[in-house]
Amino acid sequence: MHLPSNLQDKTALITGSTSGIGLGIAQNFADQGINIVLNGFGDAAQIEQERQTLESKGIKAIYSPADMSKPDEITDMVNMAHEELGNIDIIVNNAGIQHVSPVEEFDPAKWNDIIAINMNAAFHTVRAALPAMKKQGWGRIINIASAHGLVASPFKSAYVTAKHGIMGFTKTLALEIAQEGITCNAICPGYVRTPLVENQIADTARSRGISEEEVINDVMLKAQWTKKFVTIDQVAGTALFLCSDAAENITGTHISVDGGWTAA
Ligand code: NAD
């Protein structure tokens, strides 16, 4: 069996794809001939270089600087994708931020940002892109949730709330579009060593009063029974599988890529 199925010339909009998991998904998708809408923050020259590297694989790649906490900018990003690349066939709602703090010290502005970027942005992106996707009768919507969409950890109240929320959105949306040729699923990774996690190591050490080494071994990898970080390519490979014909009847659910974390 050939996996994934022919995805050549399809277009994927991947939010938060200038770094980490999103960038890895963009690179793996481009290898399959999928055109890419890059999005996210970062150094302009570096982003342009990533865009060109993607295009050197023989696909079209455009970049939108839309801020995922701003619904109007999300609509502009979707319109730009339609204008420059035609339809959007695949949406990967991936942009995310983290903040680690006890509830009573949690900065309300940070709470709002996490809910806006990690949860609300998926709604705004899908809302803008869905009418055209329905017309073409094929689509894949993949929400990068987290093991924290299934279980909690202390000091991550906003993140855990947003990730549990996106799991509910995934299921509801899947039912609404089940007969449109469009699936909607979540991927729930465990710890992947991206900039988002690197930043958490110091924050978590502070919140728990332990060393950074202890955060890695006794907090992060303690939950991962394989004792290994998940790799970006493993998450990207799971996303590609969800785009394949074999996954046509997988909808409204999640795939955990967490080294056994949520089995315990
Ligand atoms: P990362 O920090 O490497 O990348 C985050 C991306 O989101 C960057 O491109 C950044 O520019 C972008 N972004 C942040 N705020 C934005 C905004 N307002 N508008 C547009 N883009 C914005 O992080 P990552 O680890 O690759 O995380 C990607 C996703 O995977 C997140 O949703 C995260 O919650 C999820 N996740 C990560 C892990 C992990 O261990 N790294 C585990 C489970 C889930």
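**Reading helices and strands: a short chat**

Me: Which residues of H1 are buried?

Reply: First, the ground rules. This is a predicted model, where local features need pLDDT of at least 70 and side-chain atom pairs count only at pLDDT 80 or more, while totals for chains, interfaces and linings use all residues. Residues are numbered from 1 along each chain as its sequence is written, and side-chain values use heavy atoms, with hydrogens and water left out. Buried means under 20% relative accessible area, with exposed over 50% and partly exposed in between (1.4 Å probe, protein chains only). In H1 the buried residues are Gly20, Ile21, Gly22, Leu23, Gly24, Ile25, Ala26, Asn28, Phe29 and Ala30. That's 10 of its 12 residues, so to speak a mostly covered helix.

Me: What counts as a helix or a strand here?

Reply: Both are DSSP runs numbered from the N terminus: helices are H or I with at least four residues, strands are E with at least two. Helix H1, for instance, covers residues 20-31. Just after H1, Gly33 takes a positive phi of about 85°.

Me: Where does H6 bend?

Reply: A bend is the angle between axes fitted to the seven residues ending at a residue and the seven starting there. H6 bends by about 25° at Ile201.

Me: Which residues of H6 are buried?

Reply: An α-helix has 3.6 residues a turn, so residues three or four places apart point the same way. In H6, the buried ones are Val197, Gln200, Ile201, Thr204 and Ala205. Helix H7 (212-223) is included in what covers them.

Me: Which strands pair with E4?

Reply: Two strands pair if DSSP finds at least two bridges between them. E1 (residues 11-14) runs parallel to E4, joined by 3 bridges, and Ile14 has Val92 as its bridge partner. E5 (residues 139-144) also pairs with E4 in the parallel sense, over 4 bridges, and here Ile90 partners Arg140.

Me: Which way do the residues of E4 point?

Reply: Ile90 and Val92 point one way and Ile91 and Asn93 the other, and all are buried.

Me: What does Ser157 touch?

Reply: Contact means heavy atoms within 4.5 Å. Not counting residues up to four places away in sequence, Ser157 touches Val103, Phe106 and Trp111. Ser157 is found in helix H5 (residues 157-176) and is buried, at a relative accessible area of 19%.

Conventions
The expected span of a helix is 1.5 Å times one less than its number of residues.
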